[in-house]
Every structure is written in C-alpha cells, then in structure tokens.
Amino acid sequence: MAEEDGGGKDTSLIVTSDNIEMHRDKRRAAEKTKSGKPVPVEYRDIPFEQMYTTDIVECFVRSLARKEHMSYAQAENLPVSAPTYFISHAWNSLFVDLVESVKGALAGAAQADTYVWLDIFAINQDDTDGVFSAMKELDDGRTLASTIATSRATLVVLDKDRVIPLTRLWCLYEIGSTPPQKLQLVTHGFSENDVSQHIRNIDAETAQCFSPADKEMIHGEITGKFRFASMRHFTEELKLRFMLRPMSYESDLQALRERGQSNEYKLEELRAHVTSTGGRLACVVGGPGEGKSSVAAAALDLVHAAHFCKRADVRRQDVLEMVRSLGFQLGQQSDVVRKCLIDLDEDTAAKALVDPDVAVNAVLVGPLKELAKMRKHAVILLDALDEADDEVHTSNAAVGLLRYLAREARNVPATPSCFLIGGPAGGTSWRGSRRCGRASRRRKK
C-alpha cells in the first residue's frame, strides 16, 4: 500500500466488508505506481466466498511468507511433485471460483498422482522490506517455461463476466509459452461461446501488467525468445490458437530433421515444380526404409504447412482437425492468410470448428484466394499418406481433403501445390496421382 494509505506501518490495516473494495482499489493503485510498501492486513467478518485470490494471498499466504521466508507449500510442508498441470489465472477473481473451476476440470483424475502448479502457493510471496522474492524465483520467466514444459497441460481458468486472464499480460505470456496441444481453457459453468468476443479482443500490447520491469521482460521474451516481429503479431497468433485449436507436429518435424541429417538431396527439379505455380502435385512413393521421410526432411524449406498422417491417432484422421491445423500454419507463414482468418465473423469461425464444408472454405479456400490475388501460392506437405487409409483401403481422409479442396477452388487460381509422401500399399492414396521431379541422394561422409 502507498504510505498515505498505511503502507510501511507496523500496525495492521483492518479490512471489512464495508471497505474491501476501497482497499483493493488502493492496493492496485500502489502496484501500478510502484509506490506500495508492505503492511500487515487483518481481514474481519468477510465471507470467504467473497475473497479474491489476491485477498487470499494477502490474508493467508503473504503473512506466512514474511514469517518463514519461503513459499506457502514449503512452509506448510505440503506434498509436492513434478507438476501435472500448470494453472494460469488472474488474481483479481474470486478464489472459490478458481478452486471450483480447477476441481471441475480435473474431475476423475487420480488424486494421488495429480499435482497442480499454482503460483500463489508454489512461489515465495515474501515482500519483506519491499523486496519481492517471487520475481527472483520466477527468474525472468524461466521458472514458468520449465514448469509448463514439464506439465501435461496448461489450464487457463476464465471467469464468465470479465474474462480477466485474457486482459493480463502475464497470463497471455503463459498462454503463448504453452504449445497449442497443451492449452486448455477452463470455463466452469459456461461455454467458450459465452466468452468468444473477449477472445477476439485480446491485445497483448495493451494488456495490464502492474510492474514496468515485468512488462519489459515479457515484451523482450516475446520478440526475442519467441521471435515474434511485434506484440501485434503475438496477439494475432494467440487469436488463431483459440480460433482454430491446431494440432502440434513438433515431434514429427523434429524426427524428420534428425533423419535428414545423414543425406544431402538435389531437389532443384522438385523445387521448380512445386514453387513455380499453384495446383502442382509431387509424389514420393516407396516401401519402408527407402528414404521417403528423408526426402520430406530435405524438402521442409519448400513447405508452408504440413500434416502428418497416423493411422493410430484419431485426430490425425479427422478432416476438420487437418483443415484447422493447416490453416493455422499458413497463417503463421503469411500476413495475408492470417488477416483473412482473424477477420472471420463469429458465426463462421464457430461453424468452422464443427462443419467440414465451412472449415475448408473459410480456413483454406478463402485465404488461398486472397493469396492468389497477390500472385502467391502455398506448398502443403502431406506425409505418410498411406496411413490415412482406412483398414480396407476404401477411404482416405487426407486424399478426401485434397479432392474437396480442388473441387472448391476449381474456378479460382487458389489451389496450393501439394507434396505427398507415402507407401504404395494404400489403394486410394495414389490412383490417378502423377509422380514428378527427381530427388537424387548422396550419403554424407
């Protein structure tokens, strides 16, 4: 609290139901101006259900941290282990809502094997002499990064009325630090449709951050470590993640890169074929161990978006998942595509999550048309196409997508060039496909 509001004194500030809102306002003002000084606070006759998370920190957590100089979890000797879930939340919301939301999201989880990382308990909240131990423990975001990497998922706990986490820079930073496939919105008692407009209004540039040092650190991480050209670019990426819910192919791409290290390929003819104009098709067909994936690895620099088929993965067989993931990648690569996707109206964006026809047209065909107007086209890689066949080789989801895309874009020069990889077994995969280009290989010494 600021000195004029009692900050720095040894006597406790008394907070009651009558003055709690005024107390919160003064505390936030002191945080904004960095004029606050530690002061004991005593809460009286306030129903627990009306307390914000920041009140819980002030009333229970910080008082213990000042005495023990350690985190609440350490001071209370709580059972700890590697985090199963990282909880992203805003302190300026009701604590009981946070607890109920996490409890509902983890219903059915094995209690003995499930550990949540909640900053107010996991980080030392000691502020003795105005020195905040939490900032040292957060280590310029490295603690959060390692925790998110270890966790199974990041649970972003939202409130229905204000959706505060989407207006806080720390929360947006945590969301941006999370791989798309590990990101889960927790909307306890309401649906994501109820907060869709808040998602569209995300703005990392204007998001609140009470510490100028924190804001500078986060901006540096986003434009440095995350390699976004600007905070606007980061904002658009977050919006696309929420709109499209893409799959992650990082493990597939890493495996391809490792395979491609032992060979060098001459792909000049292939490069010329797929990049000269849209609508081109290149196929690499072969048996197991014949180097198909190695060719794909060597050609990754030609590709704007990729899908990796896996027969055992239900999501990889779903046309909707394919379309949204390909659209997301194209949006990452192209400002034109990204703008088309972000400008989708609410109704179309919602239908694109459930309707294949709408998804193909809105997420792929429409943006590719705009790209074609600029005399540009995309190159899409579909790897392990034979694994997209059903058990009797009568249906192939990836090939179905290609045919659908070609049909929708037939009268417009918006069709991407496609680079297909697969084995010869799949009957539906290769009928009518044209093999083109040469890829000569030599082993690295």
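Here the labels are set against the cut-offs behind them.

Guide: One caution before we start: this is a predicted model.

Visitor: What makes β5 and β6 a pair?

Guide: A pair needs at least two bridges. Strand β5 (residues 153-157) and strand β6 (residues 183-186) are joined by four, so they pair. They run parallel. T154 stands opposite L183 in β6. With helix α8 (residues 169-177), β5 and β6 form a β-α-β unit that is right-handed.

Visitor: How do you know that β11 pairs with β8 and with β10?

Guide: The cut-off is again at least two bridges. Strand β8 (residues 281-285) and β11 have five, in the parallel sense. C283 has L420 as its bridge partner in β11. β10 and β11 have four, also parallel, so this is a pair too. There V379 stands opposite S417.

Visitor: Why is strand β11 called mostly covered?

Guide: Buried means under 20% relative accessible area. Six of the six residues of β11 (residues 417-422) are buried, so the label holds. S417, F419 and I421 point one way, and C418, L420 and G422 the other way. Side chains alternate between the two faces of the sheet in a regular strand.

Visitor: What makes the lining of the largest cavity nonpolar?

Guide: The lining consists of L326, L364, I380, L382, L401, L402, L405 and C418. Leu, Ile and Cys count as nonpolar, so the tally is eight nonpolar, no polar and no charged. α19 (397-408) gives the most, with three residues. The cavity holds about 30 Å³ of space.

Technical notes:
Residues are numbered from 1 along each chain as its sequence is written. This is a predicted model: local features need pLDDT of at least 70, side-chain atom pairs count only at pLDDT 80 or more; totals for chains, interfaces and linings use all residues. Side-chain values use heavy atoms; hydrogens and water are left out. Helices (H or I, at least four residues) and strands (E, at least two) are DSSP runs, numbered from the N terminus. A crossover is right-handed if, with the strands pointing away from the viewer, the path from the first strand over the helix to the second runs clockwise. On a 1 Å grid over the protein atoms alone, a cavity is a set of points where a 1.4 Å probe fits but cannot get out, and a pocket is an open set with protein on both sides within 12 Å along at least five of seven lines; lining residues have an atom within 4 Å of a point. Grid points are joined across faces, edges and corners, and a volume is the space filled by probe spheres set on the points. Buried means under 20% relative accessible area, exposed over 50%, partly exposed in between (1.4 Å probe, protein chains only).
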